[in-house]
Amino acid sequence: MQSLIQIVNKLQDVFSVVGEQQIIDIPQIVVVGTQSSGKSSVLESIVGRSFLPRGTGVVTRAPLVIQMIRYTEETKKSMLMSNNIENDENITEWVEFLHRPNAYYFDFDLVRNEIECRTNILAGSNKGITKNQIILKIHTNRYDLTFVDLPGITKVPVGDQPADIDEQIQKLIISYAEQSNSIILAVVTANTDPSTSESLQIAKKLDPDGIRTIAVVTKLDLIDEGTQQDTKDLLCGRRIPVKLGIIGVVNRSQKDIVENKPMDATLKSETEFLKTNYPDICTKHGNRALTHTLQLVLITHIKKVFPKLKFELEELKNKLGKKLLLLHTPENNISFIIELLKDISKSYENAVNGNQDDVSVEEIIGGASVVQIIQQKYLKTINSIDPLQDLSDENIAKALLNASGINQSTFVNEKALQKILKRQLNNLIEPSLDCVELVRNEMLNIFNSIDISLLDTLKRYPQLDEDVRKVFDKLLEENVKSIKEFIASYIESYQECLDTSNPDFILEIVNSNNTIQEEILAAANINNYNCNSDSDSDRGWNNMSRNKKGNEKKVEIKRIQMLNQLLSGLNNNDDDLESSEQVKLHRDLSICYFEYIRKIVRDFVPKRIKHKMINSFLKDLDKRLNQEIFQTYLIDNKIDEVLLEDERFQEDRKDVLIKLDAVKKALKSMVDIQYF
């Protein structure tokens, strides 16, 4: 069974080729530290070789994935044969770069040069940084271990570095360290206050409980003798709250680096230093202890997250598979267009009728949005219209006089009343036509609520998308034009044909407020109308209104009889009728008639919209899409032409294929691994 760490190495390789390392949360150790914190020396001590670029400013400018791979004799033999090298006992380590397959490095100075060259290619030569990884494979006979070296934290740009280089570095570090499967290796120097360490501050921010943070304390040999107890407290975990351990190390000095002091000699010096200065804890510190701890922590962590990681990869595979299915190219263009147009029509109908599979809980969509427009906008607007809007008593008086001409005004001047009501009922037309327009716009918006996969498919073919939307717009426009004409004509018929003897109008007066009723009957001078009720005789409105509840229906009948008399022209020759009473009468009749027609209109308009605009549209949609798109394409021989994809989707398909292949390879690498 392959090493768990080597499996993670393969995952890193796979997703690095994809170009998006964050496509999956890979378990890995990320190294975080400030410039000059000794980060490079720590990594070189772990590897046992000097191979990292050195210098001033930001030296590491790309995420450097260092994979230490313990080789077998068979692996070594295969490598030697591929390089035409006879079995050379002096070759104990070699290096490969993922970006240079089949190239092997035996000289670690050349490794350093390749890192520098690749960094300049990826990040440029102006000391900028890049998120693109460099994957370095070090084949060794020591152990398996992998970690990611990130740019050192800096505050001041040097040379021609970008002014925001510090922000760029912080963002890059956080993108790795914030992943829940990342182990943070925070490098902090012993000769500084740990509370001011930026690497520890980042770790604390992203891992507040310290459950996935290891602290490495460097430069133990550079502290004053009087502060050794403080350092011991630090190494024993009394000052840094991390759970995975705190390990102190002694870095190679600049002199050691210049003189190329062997790593074994450096480690020996470190061991002696720890025994001398920290005898009771020396076995828990040093680069050997660090390497052992990192291996143990990483393997334990991989075992812990392995089931979840595999599950996430399976989920990602399914997600990418579904996305690829949507991006597939049609096998038969004719069948594809026919089915697509039918699916669009059906999905739109489902959206209007509320039959979609996924019901939104975030917003009102589909047919519900049309109902909302009618209820919250149209009905609210039409109910708020004042029946006497811009109509004063003076206006009514002048209308009565003008309608009478040279003749004396009759008691109920129907000609004047019709002119007044025609003027007032005109206020119902504009809100009704506006409602039609609002519904038309909303029906266009509903198109964007159909199945998202259909919308995505249309986006792939810009010409087809445009033509489908044109059919929607054209069909709606035809319906809108006819329905507007019909609604306007419908209201105009009530403006032109006044019917004051209509029982519903009479009932509207009966149901109006008492003030209006009393004014109308007072104007007619009907104050002593005899009403026989069984053996009792009630005299006039006032007596009738004082009857018990059992007589209310009879009172209503008598009132209807009197109003019929009044509105049928009786008593028109009443000499006692005053002009002001006649104005009140026509004002009150206008209010009641307006209310009577308003009820009819607010009931009719929504029904007409639903019947002749929505239902008619849904009934014709499938046929019109077929006639005006498919049949036209067929006749003009344009089917292949309109199915030319947008270039973006060609790139999307390629991207999905690459990612899907990467995920499949990752799962294949994991298939034989057992976890505990």
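At 40% relative accessibility, Arg-239 counts as partly exposed, a class lying between buried (under 20% relative accessible area) and exposed (over 50%), with a 1.4 Å probe and protein chains only. The structure is a predicted model, in which local features need pLDDT of at least 70 and side-chain atom pairs count only at pLDDT 80 or more, whereas totals for chains, interfaces and linings use all residues. Residues are numbered from 1 along each chain as its sequence is written, and side-chain values use heavy atoms, with hydrogens and water left out.

Arg-239 forms a salt bridge with Asp-193, the closest N and O atoms being 3.8 Å apart; the term denotes a side-chain nitrogen of Lys or Arg within 4 Å of a carboxyl oxygen of Asp or Glu. Because Asp-193 lies in the loop between strand 7 (182-189) and helix 6 (198-206), and Arg-239 in the loop between helix 7 (228-235) and strand 9 (246-248), the pair ties together parts that are 46 residues apart in sequence. Helices (H or I, at least four residues) and strands (E, at least two) are DSSP runs, numbered from the N terminus.

A salt bridge also joins Glu-477 and Arg-440, with the closest N and O atoms 2.5 Å apart. This pair links distant parts of the chain, 37 residues apart, with Glu-477 in helix 17 (residues 462-496) and Arg-440 in helix 15 (residues 429-446). Arg-440 is buried, with a relative accessible area of 10%, while Glu-477 is partly exposed at 39% relative accessibility.
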